[in-house]
Amino acid sequence: MSGKSKASEENSALSTLDLGTMEFMKWLVSKDANSGDTLIVVKDYFDNKYVILFDKSILKNIIVGYRDGMPWCMTCNTDDCGHVGFAICLKQDYDRNDQVVF
Ligand SMILES: [Zn+2]
């Protein structure tokens with residue numbers, strides 16, 4: 001299998017882009033329902049610069065920066081973790097609505 005060789009001591013529950021996308025869907029719903037039952041909390045969003053998330057599965061702040069419009073997770077140091085997937089969706093949502101409500 002194609003496991004990554006680098007072992008991380010703190011594994012976020014959001015290890016893949018897809019998991020981040022699914023978490024974003026949950027986040028969208030829970031934000032309207034005000035349930036707060038999500039792994040990710042959006043703390044700050046600066047369009048085309050960076051987004052600050054809080055990952056409850058590792059209890060850490062996550063910074064995803066946009067480099068030339070492409071998100072890069074500075075915390076995981078990768079472009080294919082769930083935080084990046086979440087950030088991509090967040091940006092799409094922002095571009096659609098011209099604002100982010102959180
Ligand atoms: Zn990440």
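This tour goes through a predicted model, from the whole chain to the sheet and then to the helix pair.

Residues are numbered from 1 along each chain as its sequence is written. Because the model is predicted, local features need pLDDT of at least 70 and side-chain atom pairs count only at pLDDT 80 or more, while totals for chains, interfaces and linings use all residues.

**Whole chain.** Of the 102 residues, 24% count as buried, that is, with 20 or more other C-beta atoms within 10 Å of their own, C-beta atoms being placed from the backbone.

Next select the four strands, which form an open sheet in the order 1-2-3-4 with antiparallel pairing; two strands pair if DSSP finds at least two bridges between them. Strand 1 (40–46) and strand 4 (70–73) are the edge strands, each pairing on one side only, and the twist from one strand to the next averages 25°, with axes fitted as lines to C-alpha atoms and angles running from 0 to 180 degrees between N-to-C directions.

**Strands 2 and 3.** Now select residues 50–55 and 60–67, the antiparallel strands 2 and 3, which six bridges join. Y50 has G65 in strand 3 as its bridge partner, and in the hairpin, with four residues between the strands, L59 takes a positive phi near 55°.

**Strands 3 and 4.** Moving on to strand 4, four bridges join strand 3 to this antiparallel neighbour, and Y66 stands opposite P71 in strand 4. The hairpin here has two residues between the strands, and D68 takes a positive phi near 50°.

**The helix pair.** Finally, select helix 1 (residues 17–33) and helix 2 (residues 82–97), whose axes, fitted over the stretch in contact, come within 6 Å and cross at roughly 45°. That makes helix 1 oblique to helix 2, since angles under 35 degrees count as roughly parallel, over 145 as roughly antiparallel, 65 to 115 as roughly perpendicular and the rest as oblique. To see the contact, show L17, D18, L19, G20, T21, E23 and F24 in helix 1 together with G82, H83, V84, G85, F86, C89 and L90 in helix 2, where contact requires C-beta atoms, placed from the backbone, within 7 Å.

Definitions and conventions:
A residue is buried if 20 or more other C-beta atoms lie within 10 Å of its own, exposed if 12 or fewer, and partly exposed in between; C-beta atoms are placed from the backbone. Two residues are in contact if their C-beta atoms, placed from the backbone, lie within 7 Å.
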